[in-house]
Amino acid sequence: MAHRVLVSDPISEIGVALLNDHPDIEADFNTGLSPEELIAIIGDYEGLVVRSQTKVTPEVLAAAKSLKVIGRAGVGVDNIDKEAANQHGVIVMNTPTGNTISTAEHAFTLMLSAARNIAPGHASVLAGEFAAGRKANQGIELNGKRLAVIGMGRIGTEFVKRAQAFNMTVVAFDPYLTQSRADELKVELADTPDAALTGADVVTLHVPLTDDTKGIINAERLALMNKGALVVNCARGGLVDEAALKAAIDSGHIAGCGLDVFENEPPAADHPLLSLNKFVAFTPHLGASTAEAQENVGIQVAEQVRDFLATGEIRNAINMPSLDAAAREAIGPYLDLSASLGKLLAKLGLSNPDALRVSYHGPFAKKDTALISRTVLTNFLESSRCDGQVNIVNAPGIAAQMGLELVESTINAQTEYNELLVVELRKGEERFRLAGTLIGSSPRIVEIDRLYVDTNIRGHFLIVRNDDRPGIVGAVGTTLGNEKVNIANLSLARNKTQGNALTVIEVDEPLSPEIMAQVRAIPGVTLGTGVSL
Ligand SMILES: NC(=O)C1=CN([C@@H]2O[C@H](COP(=O)(O)OP(=O)(O)OC[C@H]3O[C@@H](n4cnc5c(N)ncnc54)[C@H](O)[C@@H]3O)[C@@H](O)[C@H]2O)C=CC1
Ligand SMILES: O=C(O)C(=O)COP(=O)(O)O
């Protein structure tokens, strides 16, 4: 069956064609849907491609029973409810680099337009008021002015390069910007937004809209700027308190603004800021709207969604560690091993554990261990819960809800293996652990509850705990033989001090409850578990 993808916002035609060119993908281009229309059809799709118009709400995600991936042709993912996507196990990907230059150029254009009254000047010419327009629209020179940048990521950095070419001095606030990077970019590093805004002539915003950044430009901060300053926002509407901005402009402290984005889009016709006619430039969320940017993000999103649905490759996911083809090849055998260890933990381990600890012994550093840990957790939860619906995206949330802590650790102590993956359930003082490794490139389980075995990671197994005395393994073998169950492999381990043993028997078929009952009835067998991995 083909993977169906809904493209619900206008992305470039090349992107849609790229999806449909894949033999296993069927993409529908269906834009301008109302929320109700989207909810009515989303259940049929495994992939959804959006820009910023489609609102992917908890209601949409609840109806999206087959959805595996949402691709955002652009950067901001504030139109997608990430909590709900995590809960439903849907991967959210964006295309972070494709529209950087276009958006930086647009923000810069807004700054210049507001400073030089391009929009009011243009309107005056069209209205036949050339002389009046010339008199009314004297501008502000940017040369030598102080620019505050909030958010020095991709777009902020490109904006700064252009501002420096205009001989502006730059101060930046970004909690993730290091002093050495600031030095390299020749910007002053502010350690608070207030410090960046104090004495600034222009502020430009390039941060995502989050709980932390909402309203980051408010009345108090506008008051810190120089008289006659400009506010440029080509990031997200909610970043600026629009009422405070209007009041600051009305008071004469702030000269004006260049805005591409609004708290509510489209803004109401009577929006107070729209009544301004000096030092203003407004555009309808056009930052990424160039042919170049749309081609970039359209192709990127289509490739990412296609590759995920066709091969499981994960790129630019905001709720998952990335897994490109090379990384996938490097950790593929470990993902297989961790899936089996997770399932086996659920079958053999402790009930209602408090924690699942995944430890990495040896040079795991070069691998994406976060994904390995998540794979253990996902398979453990999938096999211990009967309600299904656990996957690699929602597993951490489900574990947290259950009070199960996922703990990861890297251990440098030498083991007899080059790399050893140990998974352990903890409940109070109780512990149950399994370990596995790669022998050559083949994943093997090498330890069950501190007893050393060597067994496959796939197949049907009979795992027996028994007293360490003669005849018991023979009796188990006879029981299987009588029931015509063929033994493929056998691994024995024993704990001499405690006088008990562990036998892992790989068999050719799943074991019936009747056979398991016979095995458990053998004198000396303390535990018998049939497992299919
Ligand atoms: N108007 C439009 O059409 C477009 C708007 N955008 C908006 O621009 C934003 C920035 O895009 P990029 O530069 O590509 O993203 P980015 O991820 O490269 O940069 C964002 C920067 O903000 C910083 N940051 C995060 N929280 C912060 C905080 N509380 N205070 C200060 N800095 C903080 C991060 O450290 C990062 O350096 C996007 O989130 C999106 O909302 C992006 C593309 C087009
Ligand atoms: O990439 C972003 O964050 C944008 O805001 C661009 O939005 P758009 O794709 O033009 O709806």
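His271 comes out as partly exposed, because 15 other C-beta atoms sit within 10 Å. For this label, a residue is buried if 20 or more other C-beta atoms lie within 10 Å of its own, exposed if 12 or fewer, and partly exposed in between, with C-beta atoms placed from the backbone. The model is a predicted one, where local features need pLDDT of at least 70 and side-chain atom pairs count only at pLDDT 80 or more, while totals for chains, interfaces and linings use all residues. Residues are numbered from 1 along each chain as its sequence is written, and chains are lettered from A and ligands numbered from 1 in the order in which they are written.

His271 belongs to the loop between β11 (254-259) and β12 (280-282); helices (H or I, at least four residues) and strands (E, at least two) are DSSP runs, numbered from the N terminus. Its C-alpha atom is separated by 31 Å from that of Asn30, and the two residues are 241 apart along the chain. Pro266 is found in that loop between β11 and β12 too, and a cis peptide bond, with omega about -5 degrees, links Glu265 to Pro266.

Now for the overall layout. The protein chain is split into domain 1 (3-98 + 293-311), domain 2 (100-282), domain 3 (322-457) and domain 4 (459-533), with bounds that come from an automatic or database domain assignment. Between the C-alpha centres of domain 2 and domain 3 there are 49 Å.

One open sheet has seven strands, ordered β8-β7-β6-β9-β10-β11-β12, and its pairing is parallel; two strands pair if DSSP finds at least two bridges between them. β8 and β12 are at the edges with a single partner strand each, so one side of each has no neighbour in the sheet. Helix α8 packs on this sheet and touches β6, β7 and β9, its direction making about 170 degrees with that of β6. Here contact means C-beta atoms, placed from the backbone, within 7 Å, and the angles run from 0 to 180 degrees between N-to-C directions of axes, which are lines fitted to C-alpha atoms, for helices over the stretch in contact.

Strand β6 (residues 146-150) is mostly covered, with five of its five residues buried. In a regular strand the side chains alternate between the two faces of the sheet. From β6, Arg146, Ala148 and Ile150 point one way, Leu147 and Val149 point the other way, and all are buried. Five bridges tie β6 to β7 (residues 169-173), and the two run parallel. Across this pairing, Ile150 stands opposite Phe173 and Val149 opposite Ala172.

Together, β6, α8 (residues 154-165) and β7 form a right-handed β-α-β unit, meaning that, with the strands pointing away from the viewer, the path from the first strand over the helix to the second runs clockwise. The 12 residues of α8 should span 16 Å at 1.5 Å a residue, and its end C-alpha atoms are 17 Å apart, which agrees; the expected span is 1.5 Å times one less than the number of residues. Buried residues in α8 are Ile155, Gly156, Thr157, Phe159, Val160 and Ala163, and these pack against α5 (100-116), β6, β7 and β9.

A few backbone angles stand out. Most residues other than glycine have a negative phi, and most peptide bonds are trans. Asn167, which follows α8, has a positive phi near 65 degrees. Asn117, in the loop between α5 and α6 (118-126), also has a positive phi, about 55 degrees; it is buried, because 23 other C-beta atoms lie within 10 Å. Lys186 has a positive phi near 60 degrees and sits in the loop between α9 (179-184) and β8 (188-189). With 11 C-beta neighbours inside 10 Å, Lys186 counts as exposed.

There is also an open sheet of five strands, in the order β2-β1-β3-β4-β5, with parallel pairing. Its edge strands, β2 (25-29) and β5 (91-94), each pair on one side only. On average, neighbouring strands of this sheet are turned by 20 degrees against each other, direction ignored. Helix α1 (residues 13-21) packs on the sheet and touches β1 (3-7) and β2, at about 150 degrees to the direction of β2. Four bridges pair β4 (residues 69-72) with β5 in the parallel sense, and Gly71 has Met93 of β5 as its bridge partner. Helix α13 (residues 291-311) lies across β1, β2, β3 (47-50), β4 and β5, running at about 165 degrees to β4.

Key
Two residues are in contact if their C-beta atoms, placed from the backbone, lie within 7 Å.
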